[in-house]
Amino acid sequence: MKMLKNTTKFLLSSANALNKKHHCLLINKCISSTSKRLTSKALFNSLNSDAKDEDQQQVTKKMSLLNYPQPARDENAVDEYQSKTDGLVKMADPYRWLEDPYSEPTKKWVEEENKLFEEYMKNNNVEEKVGVTREQLKEYLTKMVNYEKVGCPFKRGEGEHIGYYFYKNDGLQNQDVLWVKKSLESQDAEVFLDPNQLSVDGTSSLRSTAFSKKGDYFSYGVSEKGSDWFTINVMETKTKKVLDDKLKYCKFTGITWAHDSSGFFYSRYPAPKANVESLGSETEANEFNKVYFHKIGTSQDEDILIYEENSQPKWMFGVQVTDDGKYLIVTVSESTAPVNRLFYVKLYKGDEVGGDFSFERDELGRVKLVKYIDNFDAEYDYITNEGTKFYFKTNLNAQKSKVICMDINDEEKKMIEILPEDEDPLSYVVCVNQDYLVACYLHNVQDVLKFYKLSTGEFINNIQLPAIGSIVSISGRKTDTNLFYKFSSFNYAGTIYSYDFGTKESKVFYQTKTNELVQDPENFEVKQEWYKSKDGTSVPMFIVHKKGLKKDGNTPCWLYGYGGFSISLQPYFSIFRLFWIQFFNGMLVIPNLRGGSEIGGEAWHVQGIKDKKQNVFDDMIAAAEYIVKEKYTSPEKIVLNGGSNGGLLVAACINQRPDLFAVAVPSVGVLDMLKFHTWTIGSAWISDYGCSSDPEGFDYLIKYSPLHNIKEQQYPAVLVTTANHDDRVVPHHSFKYTAQLQHVCGKSNTKPLLVRIETSAGHGAGKSLTKSIEEICDIYIFAASEMGIKFHL
């Protein structure tokens, strides 16, 4: 089953010069005219934003709303960088000590900040201003979210092991439950695996999962407390007995079974070196990924090494056994860029499938892989194969992607186009019913499903979706005669359709039924509008609100963005967002910023990376200006929100245009752009951001890095959110940013500058429903109180 929810890309989940008046802390003011070297004294003077005199201190004391913590600033913490324009540059890092999550000073600071947030929520008439208590708000949202949610069914197994599996949530379960039934028509379904039983508080979640080809085994990764780390477990499907096999230190890996059920291939990292209280709290770089084969019934220590590349510690490996079971494909990535190397190996001698592998090994003990594509020039995404003819989705000489066929026995490596590049970006392709290619294109940020013949590329037909929306998941394999897809939109909770290859028609398989608190979809208006960014580029945005909206500038607006890593923000259903629209009389605006892939595929992406990152911020600023000009809302009614790379977006925008927003919520953001690549998987983001180790990279990163561009000005109300087990964007991004923001502006800012630090949670994936509800309610009541808006039943 292909899951297509709009989530952050698995590794970040991802600049032009800043306006001179928003220049960073170090340029001009602090660089010596003789040596072009930033002196420590000048640097620290620039970072010291205390009040200038006693009178000013008295004024700011009256303005100050909160008594912020006063953590120590280490004036000896200085990092050196090379600038292409300015030579050696020294940068102060006074809150470097916050990078140690388990030091006593960090624990104390976290405790003080959480206490401050709680005191603010309790002692500043927040509930009275909004007209609802935090507990009442959680109660209302909990009732609204309480309805059955079902995912696309997917067939797995052969013979007596055939099962039709699907994920379901009864309404308020912290994690979705995996169910199974023997046939599509059967009314008798049973729980196959319930992750809610794996922990008391619902913070254990499923990550990578895979059934064996025969369907006799199920392997599943379990993550604890939101960490990206997970442990692979194995279950017998017939008895549901969990075996003793436990494979630790897995992160960002798929699982792919040998077709004889002898075991599976996967990748893992070495055990972390850091001595931390729980896995997921360490910050060391993830390096030296390796591919292994695990034989069922053996210990992890006995796993067979397939491939490693010690000369390339940043390389990451993907694994896939081909549809016919005869080959293992190993893809190699070094970043989140849409490019990979393509290696393969034949698993068995002759045409047989099963038994002992026929591997040859090199002098380093690795399996000899055929390095078919040994460069990072393009992306090759395996679709299927017919013998030695392999089909791939690729962006080679095609920024919107295409489908090609390559015969691996052809020494010339000719590439035959099956589906040429289209005018719309090609998102993904699956092979179903033996000879059908199901291709999903993105037309004006809306999905279009098209069907083609695998062998010839002949167009068969397409599927007309019922409204502006997206295919959030699709289920179908080459051996399947059924195709299922789930449609969703901002105001449609989700409909699962089954497609009949004979009649070429779709019919409703499952219709999500929300509860009575959720208004009818027809009560909402969903539209797409286009606006001009700073450089004249046309950018689309989705706007969602109740029908009959009066454009008088008074509607509370939730403005959400991302703008990076080729991630497309498409229409999809969120009960949390609908809650904002219904009960705060609000609106939702989502611009499709450059850096994504919504318009033109890779061409849209590259316009928002590295030295062009400023385009992303300009796009978001222009979006806010547009909705104000069109009288949808006003700056006093705009909440700016984004997560991960979107958290960076939020923090950069309020540094540059704080006047445009009433509230800013940067969630789990990448905020220290000079050091992000040194922590956990951060080096994989260099393809989007660049790197401060490169003099050119330093020059454009320092111009917008949120941590380094905080200045003494009036900021909107800020609520930073992060979690203590976020080992993707480590929490000290948010810690250091919050400490610096409070230090520079805490004595003068008339609006609160706060952080909310979640425990037993990570970057977002696998977060329990309970914690998600608590967090969004706190965010909503904070934002509403700062904008002076009321909760309406």
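**Close-up views of aromatic rings and cysteines**

**View 1. Lysine side chains over tryptophan rings.** Lys-168 lies over the face of Trp-179, at a distance of 4.0 Å from the ring centre, in what is a predicted model. In another place, the charged end of Lys-251 is found over the ring of Trp-229, and here the distance from the ring's centre is 4.2 Å.

**View 2. The aromatic pair of Phe-154 and Tyr-165.** A search of the whole structure for aromatic pairs finds 60 of them. In the pair shown here, the ring centres of Phe-154 and Tyr-165 are 6.1 Å apart and the ring planes meet at 25 degrees, so the pair is stacked. The two residues, which are 11 residues apart, link distant parts of the chain, with Phe-154 in strand E5 (residues 154–156) and Tyr-165 in strand E6 (residues 163–169). Phe-154 counts as buried, at 6% relative accessibility, and Tyr-165 counts as buried at 4%.

**View 3. A cluster of aromatic residues joined by ring pairs.** The residues that ring pairs link into this cluster are Tyr-140, Trp-558, Phe-579, Trp-580, Phe-583, Phe-584, Tyr-780 and Phe-791.

**View 4. Cysteines in a model with 0 disulfides.** The count of disulfides comes to 0, and Cys-431 is accordingly in no disulfide, the nearest cysteine sulfur being that of Cys-405, 12 Å away. Cys-431 is buried, with a relative accessible area of 4%. Cys-691 also counts as buried, at 12% relative accessibility, because a residue under 20% is placed in that class.

Note on methods: Residues are numbered from 1 along each chain as its sequence is written. This is a predicted model: local features need pLDDT of at least 70, side-chain atom pairs count only at pLDDT 80 or more; totals for chains, interfaces and linings use all residues. Side-chain values use heavy atoms; hydrogens and water are left out. Rings of Phe, Tyr and Trp (its six-membered ring) pair if their centres lie within 6.5 Å; planes under 30 degrees apart count as stacked, over 60 as edge-to-face and the rest as tilted. Helices (H or I, at least four residues) and strands (E, at least two) are DSSP runs, numbered from the N terminus. Buried means under 20% relative accessible area, exposed over 50%, partly exposed in between (1.4 Å probe, protein chains only). A charge sits over a ring if NZ of Lys or CZ of Arg is within 6 Å of the ring centre and within 35 degrees of the ring normal. A disulfide is a pair of cysteine sulfur atoms within 2.5 Å.
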